[in-house]
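Thank you for making time for this at the group meeting.

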Amino acid sequence: MTARVVGVDGCPAGWIAVSIASDGPLAPEVRVHARFADLVAETGDAFLAVDMPIGLPDFIGPEGRGPERPVRQKLGPRQSSVFSVPSRSAVMTEDYRVSCAVASASSEPPRMVAKQCFHLFPKIREIDALMTPALEARIFEVHPELAFWRLNGDAAMTLPKKVKSRPNPAGLDERRALLVRHGFAADDLVRPPRGAAADDLLDAAANALIARRLLKGEAKSFPAEPARDARGLRIAIWA
């Protein structure tokens with residue numbers, strides 16, 4: 001069994017990675033990587049649970065990309081944190097208006113692109129350029145709010161992490177307390193490294209616990225039977 005598993009979240013400086021032991025005491029190690037490729041190279045054969053879409057359909061039908069709808073159904077008031085990801089051709093555009101036009105033309109019913117999702121496109125493209133069906137044996141898409149749902153006994157968090165795009169201390173405290181119950185020390189969760197925010201650290205820590213579940217074969221995919229995109233990449237969110 002691999003010695004470490006890693007939870008990953010996008011952050012202003014690139015990617016924050018929380019590495020924990022695959023079993024027993026967590027012994028977390030936290031680093032920020034500028035490039036996802038460097039993170040993958042430096043983690044050897046470790047399982048990575050990454051909060052970023054992996055697998056991009058050429059066309060988006062009424063059910064969306066695939067994972068988002070079943071995940072939203074679990075999250076109640078937190079479901080707005082799950083963005084609707086458009087087609088591969090829309091994600092590959094760098095202009096917002098063009099992206100909306102391409103997304104609308106490659107979806108039924110036609111859908112535009114949320115600005116928040118558009119801002120994720122550079123990181124989605126970064127992962128997409130690297131991913132292969134072989135790499136998905138150890139790199140899995142996750143979502144922090146679904147991770148917290150799973151860690152909270154399949155119940156969504158009651159408070160938002162942010163209110164009007166600003167950190168919500170009560171929501172962060174709620175998630176921090178849950179992570180402490182799962183083995184993190186409170187001191188490990190209060191000082192994010194340079195280039196990452198407090199919520200990035202908490203999200204990556206939650207994702208690390210899902211990476212441990214993935215390694216042990218305990219995690220489940222949403223949907224239960226994932227589709228694959230034209231490049232053969234699995235389209236699923238795990239928890």
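Predicted model: local features only at pLDDT ≥ 70, side-chain atom pairs only at ≥ 80, totals over all residues.

**A walk through the model**

Let me start at A27, which is found in the loop between β2 and β3; helices (H or I, at least four residues) and strands (E, at least two) are DSSP runs, numbered from the N terminus. Residues are numbered from 1 along each chain as its sequence is written, and side-chain values use heavy atoms, with hydrogens and water left out.

Most residues other than glycine have a negative phi, and most peptide bonds are trans. A27, although not a glycine, has a positive phi of about 45°, and at 47% relative accessibility A27 counts as partly exposed, where buried means under 20% relative accessible area, exposed over 50%, and partly exposed in between, with a 1.4 Å probe and protein chains only. D154, in the loop between α7 and β6 (162-163), likewise has a positive phi, near 60°, and D154 is partly exposed at 39%. As for cis peptide bonds, one runs from E108 to P109, with P109 in the loop between α4 (96-105) and α5 (115-118), and another runs from F222 to P223, with P223 in strand β8.

Now to the sheet. Which strands form it, and in what order? Five strands make an open sheet with mixed pairing, in the order β3-β2-β1-β4-β5, and two strands pair if DSSP finds at least two bridges between them. β3 (29-33) and β5 (139-141) stand at the edges with a single partner strand each, so one side of each is left without a neighbour in the sheet. Within the sheet, β1 (residues 4-11) and β4 (residues 47-51) run parallel and are joined by five bridges, and V5 stands opposite F47 in β4.

Turning to the interior, in soluble globular proteins nonpolar side chains tend to be buried together. A nonpolar core here is a set of buried Ala, Val, Leu, Ile, Met, Phe, Trp, Tyr and Cys residues joined through side-chain atoms within 4.5 Å. The largest such core has 34 residues, of which I20, L179, F184 and L214 touch the most other members, and its largest share, 11 residues, comes from α9. A second, separate core of 27 residues includes V40, V50, V113 and I127.

Finally, the aromatic rings. Rings of Phe, Tyr and Trp (its six-membered ring) pair if their centres lie within 6.5 Å, and planes under 30 degrees apart count as stacked, over 60 as edge-to-face and the rest as tilted; by this rule there are six aromatic pairs. F118 and F121 form an edge-to-face pair, at 5.3 Å centre to centre and 65° between the planes. W149 and F222 have ring centres 6.1 Å apart and planes at 80°, so this pair is edge-to-face, and it links distant parts of the chain, with W149 in helix α7 and F222 in strand β8 (residues 221-228), 73 residues apart.
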